Amino acid sequence: MKIAIIGMGPAGVNVVKTLRNNGFDDDITMFSAEKIPPYSPPSLGEYLITGNEEVLFWEGKDFCEKYNVNCKSGEKITQIMPEEKELKTENDEIIKFDYLVIATGTSLYAPVKGSDKEGITDFKTFIGTDKIKRIAQEGGEKTAIIVGGGFIGVEIALSLAKIGIKSSVLNRRGWIMPL
């Protein structure tokens, strides 16, 4: 039997652990668009401030080896063919499965014209957070504009302040962290 899991975050990791801890010994393949071992996105703020990778890789960078999982980091799934029980990667590789788990979490939604321009990054991925970390380490005065004044936007602004980046928060309402 073959299990395919799209997503290598905490949900996908917990699926693997549950299966393996309950005696499932067959094939498990996990996919992630990022070229990085399974990590915890909620820990990105702490990683940004402290540089401590252990908080990100709470199961270890060797998670895939420990749990005998075929991890396809950096392989985006472009098509799910449920009738055929197949996945297609961006490299046109076809992967067969018996069961599919979609554990992708949420995606960044930035409905702002120009959000794809140079100098704009996200705080939702390891790659985006690492880019922010490098910018902060370059020295000089740094500023950021955060779009969204909810809990996550405020958390990002506080994290950036701790590494010396002055932030302005844009919010469509007249107050921060609306209910």
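## A briefing on a predicted chain

K85 sits in the loop between strand 4 (77–81) and strand 5 (86–89), where strands are DSSP runs of E with at least two residues and helices are DSSP runs of H or I with at least four, both numbered from the N terminus. The model is predicted, so that local features need pLDDT of at least 70 and side-chain atom pairs count only at pLDDT 80 or more, while totals for chains, interfaces and linings use all residues. Residues are numbered from 1 along each chain as its sequence is written, and side-chain values use heavy atoms, with hydrogens and water left out.

**Overall layout**

- The chain contains 5 helices and 9 strands, and their order along the sequence is β-α-β-α-α-β-β-β-β-β-α-β-α-β.
- Taken along the principal axes, the box filled by the C-alpha atoms is roughly 55 × 35 × 35 Å.

**Surface and charge**

- Of the 179 residues, 37% count as buried, a term that means under 20% relative accessible area, whereas exposed means over 50% and partly exposed lies in between, with a 1.4 Å probe and protein chains only.
- The accessible surface is about 11,200 Å², and carbon and sulfur atoms hold 52% of that area, as computed by the Shrake-Rupley method with a 1.4 Å probe, with only the protein chains shown counting as cover for residues.
- The chain has 22 positive and 25 negative charges, whose mean positions lie 7 Å apart; Lys and Arg count as positive and Asp and Glu as negative, while His and the chain ends are not counted, and each charge is placed at NZ of Lys, CZ of Arg, CG of Asp or CD of Glu.

**A nonpolar patch**

- V112, I145, V147 and L170 make a nonpolar surface patch of about 390 Å², a patch being built from residues with over 30% relative accessible area and no salt bridge, with nonpolar side chains joined within 5 Å and like charges within 9 Å.
- A salt bridge is a side-chain nitrogen of Lys or Arg within 4 Å of a carboxyl oxygen of Asp or Glu.
- L170 belongs to strand 9 (residues 165–170) and is partly exposed, with a relative accessible area of 47%.

**Positive phi in two loops**

- K85 has a positive phi of about 55° although it is not a glycine, and K85 is partly exposed at 37% relative accessibility.
- N68, in the loop between helix 3 (63–66) and strand 3 (70–73), has a phi near 50° and counts as exposed at 56% relative accessibility.
- Most residues other than glycine have a negative phi.
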